[in-house]
Amino acid sequence: MTAGNTKLGILVGGGPAPGINSAISACALEAISSGAEVFGILDGFSHLIEGSTEHVIPLRMSDVRFINWEGGAILRTSRANPTRNPDHLRNCVDTLQRLGITRLASIGGEDTALSAAEVAKASGGSVRVAHIPKTIDNDLPLPGDIPTFGYETARHLGTQLVQNLMRDSRTTNRWYVVIVMGRMAGHLALGIGSSAGAALSIIPEEFLDPVIKVDDVVKMMEGAMLKRQAVEGREDGIAVISEGVAERFDPEELAALAGIEVNRDPHGHIRLGELPLSAMVRRAVQQRFAGAGKNLGMVDVTIGYELRCAAPLSFDIEYTRSLGYGAARLLLSEPSDDRFANGGLIYLENNNLSTLTFDELRDPDTGRTRVRLVDTESERYKVAREYMVHVQPQDLEDDGLVARMAKYSNRSSEEIMERFGGSVS
């Protein structure tokens, strides 16, 4: 494979994830070895949509040779969305053409994948795109249920942090509310909670109604707290909650609880990082107990940003080297199938590289990238739930247990039955 006179650009979109630099390194090294010129496009699509060619840097082997084990992204990143405005999309394509870049490796999640696909389409074939799937949320629909890169490192570090909090919880005899990143799917919260052995993990997929009420979350926590005390005599525990539940809160209820305006990012998503979600849930739980005259000391913690730029585990380094290599190979080879004329998404399955078309990533109803949710019918989920503390229907048939729960909560047995009967999670 030779690629003389070919210019290949690399950019990163969305939030950081462990392994980005390794993907950049592998893609650049393979492309340079094949004779291509490689350029790093700084700050995602943000400068391209403005028509600026000034934020592009040449990448040499010496620039990328030893960055594969580093966290963060040497090219930085942004959430700029070229698809919201037709002028921005045209600017993006025109800027790449003025730079002479005919091959583009994009690294990102579902929004960046959609943006990359639209750039390739709008270019009319002048720019081919290879998308490298990246997100600690693990919510891209990859075949074989293989994780997106960054997830394994984020889960590992998140598990260590939650285990430390569990020791503090037990030592100080109080409950922690721990919010974990995951906008649409609960993979990371479930993975961290299950690995750490947290008392409870709450993810959006387990709620059947499209709108989640804050009290739905409070009830799950309240039930776990009452049952743990009644069964084990313990007043400590960790509830790991995916931030994605807030994405499905009623916006008015969310704004009222937060006490601030709810803002959205360029892709239309609520800026969950700007909301004091952990404090909101903690206060709501405390208020529930305070209503019965019980003053509970609780702690709220948010885990997310400290995971995104961590140094990648060996799993993610090796994984991203394969993906980066695959992206360069796809971009610098003639497409063997017309479906990949504009490029596609690189993935690894059964230790072999393959490609998905951009159309295969889209939801035919919405036109957006499909999201991989936690399968609550899977054995993985059922096993994780088996080790959580939930009020079950059979618990309410145990008069002694109900009485102990009632005593601890300063409520009557009838109130406990009314609270948890008929809507037990």
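Which residue in E2 does lysine 7 stand opposite? Before selecting anything, keep in mind that this is a predicted model, in which local features need pLDDT of at least 70 and side-chain atom pairs count only at pLDDT 80 or more, while totals for chains, interfaces and linings use all residues. Residues are numbered from 1 along each chain as its sequence is written, and side-chain values use heavy atoms, with hydrogens and water left out.

Select strand E1 (residues 7–12) and strand E2 (residues 37–41), which pair in the parallel sense over 4 bridges; here lysine 7 stands opposite glutamate 37. Strands (E, at least two residues) and helices (H or I, at least four) are DSSP runs numbered from the N terminus, and two strands pair if DSSP finds at least two bridges between them.

Now widen the selection to the open sheet of 7 strands, whose order is E3-E2-E1-E4-E5-E10-E11, with mixed pairing. Strand E3 (56–58) and strand E11 (352–356) stand at the edges with a single partner strand each, so one side of each lacks a neighbour in the sheet.

Next, select helix H15 (residues 399–409) and helix H16 (residues 413–420), which pack with their axes 8 Å apart at an angle of about 100 degrees; axes are lines fitted to C-alpha atoms, for helices over the stretch in contact, and angles run from 0 to 180 degrees between N-to-C directions. H15 and H16 are therefore roughly perpendicular to each other, a term that covers 65 to 115 degrees. Their contact (heavy atoms within 4.5 Å) includes Val402 and Met405 of H15 and Ile416 and Phe420 of H16.

Methods
Parallel < 35°, antiparallel > 145°, perpendicular 65-115°, else oblique.
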